[in-house]
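The model is a predicted one.

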Amino acid sequence: MSLRHALLALLSAGPATGYDAAKRFSGSVGHVWSAPDSQIYPELKRMQGDGLVESSAVRWGPRSTKTQYTITDAGLEELIDWAGRALPYSPPRDTHHLQAAYLEWTDAAGARRFFEDHIAHHTEQRQLLLAVHAGIVARTDPMIMRRLSRFPDSDHERIVAFKAHTYAGMVARSEAEIAWAREGLAMLDSLATDGGVGGGAAGGNSSIP
């Protein structure tokens, strides 16, 4: 249940209201485990029911309050156990590489658009991840600053090293996807030269066997 553990990891850096947790989530653990607010709020309540977090009312404005969540000892134990656990790898479900494998069913323009969009997406992701990585290494990223402030100096190097290494891996993955898509564009040029790119594998015939 990775959302639960992502939230435990987030709250290990300090208490947060549901709103703050969702906001911090998108700027930190959300880079490796995406989840909408509609999943985060109910999961926090389930975690409270399971004793992993506790809640308290904090003032919000002159007359209202909000619920703040704090990780419990049981929550910390669960986080520690999860961090040291051998996790199974999920079976692949890669929409875009699946589509790439069957681009013969579109025309040259459609195939080219696929690879160009892939490059644009992963270039944007790479820039985002590089910025976060730089903030972690420099210890200026808001979330890493919050986390480091709660732990002794002797732990700081390990905390920064693991997070920087994770983001470096994601940057490398984005760069590999960009390189792969550029190779795809070169392949299209080669196929066009060889006369191998036409109107799709169906050859304009709407009857597909």
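Start with helix α7 (residues 142–149) and helix α8 (residues 153–193), whose axes come within 10 Å and cross at roughly 150°. Because angles over 145 degrees count as roughly antiparallel, α7 is roughly antiparallel to α8. The crossing in which α7 passes α8 is right-handed. On the α7 side, the contact is made by Ile144, Arg147 and Leu148; α8 contributes His156, Ile159, Val160 and Lys163. Of the residues in this contact between α7 and α8, four are nonpolar, one is polar and two are charged.

A pair of aromatic rings is described by the distance of the centres and the angle of the planes. The count of aromatic pairs comes to three. In one of them, the ring centres of Phe114 and Phe115 are 5.2 Å apart and the planes stand at 80°, so the pair is edge-to-face. Phe114 and Phe115 are both buried.

Phe115 also pairs with Trp180: the ring centres are 5.6 Å apart and the planes are at 70°, which makes this pair edge-to-face. Phe115 belongs to helix α6 (residues 108–138) and Trp180 to helix α8, so the pair ties together parts that are 65 residues apart in sequence. Through ring pairs, Phe114, Phe115 and Trp180 are linked into a cluster.

Notes. Residues numbered from 1 in each chain as written. Predicted model: local features only at pLDDT ≥ 70, side-chain atom pairs only at ≥ 80, totals over all residues. Heavy atoms only, no water. Axes fitted to C-alpha atoms, helices over the stretch in contact; angles between N-to-C directions. Helix = DSSP H or I, 4+ residues; strand = E, 2+ residues; numbered from the N terminus. Parallel < 35°, antiparallel > 145°, perpendicular 65-115°, else oblique. Left-handed = near helix turned anticlockwise from the far one by under 90°. Contact = heavy atoms within 4.5 Å. Nonpolar A, V, L, I, M, F, W, Y, C, P; charged D, E, K, R; others polar. Phe/Tyr/Trp six-rings, centres within 6.5 Å; stacked < 30°, edge-to-face > 60°. Buried < 20%, exposed > 50% of the residue type's maximum accessible area, 1.4 Å probe, protein only.
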